[in-house]
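Hi,

Here is the model I promised to pass on. Have a look at it first, and my notes follow below.

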Amino acid sequence: MKTVHWLAAASALTVLVAVSAGQAAGPVQAPTSDKKVWMSEGSERDEALKLTPNLEKGKEIYEVCSACHLPEGWGQTEGTFPEIAGQHRTVLIKQLEDIREGNRDNPTMYPFALPSEIGGAQSVADVTEYISRLPMNPENGIGPGTDIEHGKKLYADNCVRCHGDQGEGNAEKYYPRIQGQHYAYLLRQYQWIKEGKRRNANPEMVEQIKNFTDKDTVAVLDYVSRLKPDAKLLGPKGWKNPDFQ
């Protein structure tokens with residue numbers, strides 16, 4: 001792959017230019033629906049999961065993603081874009097396919113996730129393999145730290161069964177790794193799940209959190225934001241992805 005020099009400003013400009021171009025030709029609109037779909041049937045997801053990924057191709061495709069998620073895959077600590085580095089490949093495939101198929105509303109990402117932009121099932125297999133191997137951010141955005149013990153208890157009583165003791169998730173069941181994720185992003189997605197806006201959410205989670213108060217929400221996600229991945233999954237502080245230098 002040809003080496004590319006990426007700066008944060010250049011990445012932001014890439015998104016701006018792409019979006020502006022799309023608007024000039026007519027905005028790309030994602031399909032809309034009120035239907036809630038946790039696991040779609042007959043999805044391209046199943047095909048992508050079976051394919052052997054090509055890591056070098058994945059690296060090339062990731063240039064599109066790096067404009068928002070950054071070359072390191074670390075997103076933004078203020079939560080505009082999530083950390084995707086180190087996420088389970090199965091989860092990445094499911095979420096990307098859900099966006100492509102209109103099962104998860106993400107109008108910012110949708111135009112860049114289309115097959116016309118990044119390719120078909122093989123490309124999904126390739127780029128998710130690359131992302132899953134990126135080292136994670138050791139300094140993710142965390143919560144206010146005001147009620148961590150309450151959050152710890154809520155997590156143990158309500159979240160451990162799916163997301164694991166340390167927020168490691170479950171790749172086989174498509175439960176995401178939430179350890180090391182930015183607090184602000186966790187908070188936004190949680191609220192969307194609770195309100196039904198995140199239409200591809202696991203219905204078991206929707207039921208589990210339906211009676212959480214705002215205090216509960218802040219406490220449990222504050223606790224989650226402080227769960228750290230295994231040291232072998234973390235990059236050094238200030239790490240820069242050498243593939244894009």
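Predicted model: local features only at pLDDT ≥ 70, side-chain atom pairs only at ≥ 80, totals over all residues.

**What I found**

R45 sits over the face of Y174, 6.0 Å from the ring centre. For a charge to count as over a ring, NZ of Lys or CZ of Arg has to be within 6 Å of the ring centre and within 35 degrees of the ring normal.

Residues are numbered from 1 along each chain as its sequence is written, and side-chain values use heavy atoms, with hydrogens and water left out.

Now the overall picture. The protein has 12 helices and 0 strands; these are DSSP runs numbered from the N terminus, with helices being H or I of at least four residues and strands E of at least two. Of its 245 residues, 47% are buried (buried is under 20% relative accessible area, exposed is over 50%, partly exposed is in between, with a 1.4 Å probe and protein chains only). Among contacts with a separation of 6 or more, 79% are between residues 24 or more positions apart, where a contact means heavy atoms within 4.5 Å. The protein exposes about 12400 Å², and carbon and sulfur atoms supply 54% of that (Shrake-Rupley, 1.4 Å probe; for residues, only the protein chains shown count as cover).

Back to the rings. The count comes to 5 aromatic pairs, taking rings of Phe, Tyr and Trp (its six-membered ring) with centres within 6.5 Å; planes under 30 degrees apart are stacked, over 60 edge-to-face, the rest tilted. W74 and W239 have ring centres 6.0 Å apart and planes at 40°, so that pair is tilted. W74 is in the loop between α3 (55–69) and α4 (89–100) and W239 is in the segment after α12 (214–225), so the pair ties together parts 165 residues apart in sequence. Both W74 and W239 are buried.

Y190 and F212 also make a tilted pair, because their planes are at 35°, with centres 6.3 Å apart. Here Y190 comes from helix α10 (residues 183–195) and F212 from the loop between α11 (203–209) and α12, 22 residues apart. Y190 and F212 are both buried. Elsewhere, ring pairs join Y62, Y130 and F244 into a cluster.

Two backbone spots to check. Most residues other than glycine have a negative phi. L70, in the loop between α3 and α4, has a positive phi near 75°, and L70 is buried at a relative accessible area of 18%. Y174, the residue under R45, has a positive phi of about 65°. Y174 lies in the loop between α9 (160–163) and α10 and is buried, with a relative accessible area of 15%.

Last, which residues of helix α8 are buried? In α8 (residues 148–158) they are G151, L154 and Y155. They cover an arc of only 100° around the axis, which puts them on the same side of α8; the arc is that of the directions from the helix axis to the C-beta atoms. The buried residues of α8 pack against α9 and α12, while exposed E149 and K153 are on the face turned away.

Cheers
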